[in-house]
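I opened this notebook to record what I looked up in the model, entry by entry. The sequence and structure come before the entries.

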Amino acid sequence: MLSLRIVCSSRALLLMKNRQQCAYKTVTCSAHCVSASFLQKDKWCSSNRNLKALGKERKLLYCTNAVSSHRKNYCTGQVKLNCWNCKQPLDKTSGFFCMACKVIQPPEEGISFFKIMDCDYSFTLNTHKLQKRYLQLQRSLHPDNFSQKSVKEQEYSESHSALVNKAYQTLLKPLSRGLYMLELKGMSIEEGTESGADSEFLMELMEINEALDEAQTPEEANKIGQDTKGQLAVLTEKIDAVLLKGELQAAKALLAQMKYYANIEEKVKEKLSEFM
């Protein structure tokens, strides 16, 4: 009878020890799952219902993988920027200045020109709104306004002003705007490459250039200039259409054509200046 009690007690202690280990694993798993739920709450809730039908070992494995696969995104998403001057959290809608102390902030790394100029990400953006935004920003960010401020504020002002100028010049014209949109997608048009252009198209461009060189009057040069503007308008509509569809290769080909016509447009201006 004594030996039986000892065996039973040993089994009971072993069973309690296993239950404690399982409980510890479950608690550890739950803690990890809670941290992962901050990232994808909806996805986690639906997955959690499915996990109830699985064993404890598979549940522990899922929780560990969920944390490791999302830890980087979680940390990045939770970062909050503070004002360098007053250390207060920055409001994303406040623009270039701290809402608390009104001090200018450093330029945001990698910020899009469209975001700087408060424009829709569109090839046919509102240029009137773009110009209005440009004047507004330069009035508030120009270095002349910070001549009596600290060195750091002067540096931030100069950086912002230069960035606003670059953003405005890039988005103002259709060609540079379209090339920038391709650049944001990881694409570019190489300088001096004509292999992708149609031979018939290149022949047409050659004839236009020859006619411009032989133009004897401002009227003849103006006629070429008007025809070129018409071609650019047609290309603008086509590029806008393919970009809306997400057809980047087609947009790249059309922008290459626009680049040729834009060069002719500049040559027309030079030719007209010769008659003045």
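**Entry 1: Overall make-up**

What percentage of the 276 residues in the protein is buried? I found that buried residues make up 29% of the 276 residues, where buried means under 20% relative accessible area, exposed over 50% and partly exposed in between, with a 1.4 Å probe and protein chains only.

Before going on I noted the terms of the work: this is a predicted model, local features need pLDDT of at least 70, side-chain atom pairs count only at pLDDT 80 or more, and totals for chains, interfaces and linings use all residues. Residues are numbered from 1 along each chain as its sequence is written, and side-chain values use heavy atoms, with hydrogens and water left out.

I next looked up the secondary structure and found 10 helices and 0 strands. Helices (H or I, at least four residues) and strands (E, at least two) are DSSP runs, numbered from the N terminus. The order of elements from the N terminus is α-α-α-α-α-α-α-α-α-α.

For the surface, I noted that the protein exposes about 19,200 Å², of which carbon and sulfur atoms supply 54%. Such areas come from the Shrake-Rupley method with a 1.4 Å probe, and for residues only the protein chains shown count as cover.

I then turned to contacts, meaning heavy atoms within 4.5 Å. Among those between residues at least 6 apart in sequence, 63% join residues at least 24 apart.

**Entry 2: Helix α6**

I looked up α6, which covers residues 151–172. Its 22 residues reach 32 Å from first C-alpha to last, close to the 32 Å expected at 1.5 Å a residue; the expected span is 1.5 Å times one less than the number of residues.

Which residues of α6 are buried? I listed Glu153, Tyr156, Ser157, His160, Ser161, Val164, Ala167, Tyr168, Thr170 and Leu171. Their cover includes α4, α5 and α7 (174–184).

From the α5 side I checked Gln138, which lies in that helix (residues 127–141). Gln138 counts as buried because its relative accessibility is 12%. Apart from neighbours within four places in sequence, Gln138 is in contact with Asn145, Ser161, Val164 and Asn165.

**Entry 3: The largest nonpolar core**

I recorded a largest nonpolar core of 46 residues, in which Ile116, Met117, Leu171, Leu255, Met258 and Tyr261 touch the most other members. α4, α5, α6, α7, α8 (199–213), α9 (218–245) and α10 (248–274) each supply at least two residues of this core. The largest share, 9 residues, comes from α10. A nonpolar core here is a set of buried Ala, Val, Leu, Ile, Met, Phe, Trp, Tyr and Cys residues joined through side-chain atoms within 4.5 Å.

With neighbours within four places in sequence set aside, I found Ile116 in contact with Phe96, Ile111, Arg133, Leu137, Leu163, Val164 and Ala167.

**Entry 4: Helix α10**

How far apart are the end C-alpha atoms of α10? They are 39 Å apart, which agrees with the 39 Å that its 27 residues should span at 1.5 Å a residue.

I listed the buried residues of α10 as Ala251, Leu254, Leu255, Met258, Lys259, Tyr260, Tyr261, Ala262, Ile264, Val268 and Lys271. These buried residues pack against α7, α8 and α9.

**Entry 5: Salt bridges**

I counted a salt bridge wherever a side-chain nitrogen of Lys or Arg is within 4 Å of a carboxyl oxygen of Asp or Glu. The count comes to 4 by this rule.

One of them joins Lys115 and Glu108, at 3.5 Å from N to O. Lys115 is exposed at 53% relative accessibility, whereas Glu108 is partly exposed at 44%.

I also noted Asp227 with Lys223, at 2.8 Å from N to O. Because they are 4 residues apart in α9, about one helical turn separates Asp227 and Lys223. Asp227 is partly exposed at 42%, and Lys223 is exposed at 52%.

In α10, Lys269 and Glu266 are 3 residues apart, about one turn of the helix. The closest N and O atoms of this salt bridge are 3.7 Å apart. Lys269, at 48% relative accessible area, is partly exposed, and Glu266 is partly exposed at 35%.

**Entry 6: A loop residue**

Last, I looked up Asp91, which lies in the loop between α3 (56–77) and α4 (113–116). Asp91 is partly exposed, with a relative accessible area of 40%. Asp91 and Leu81 are 10 residues apart in sequence, and their C-alpha atoms are 8.7 Å apart in space.
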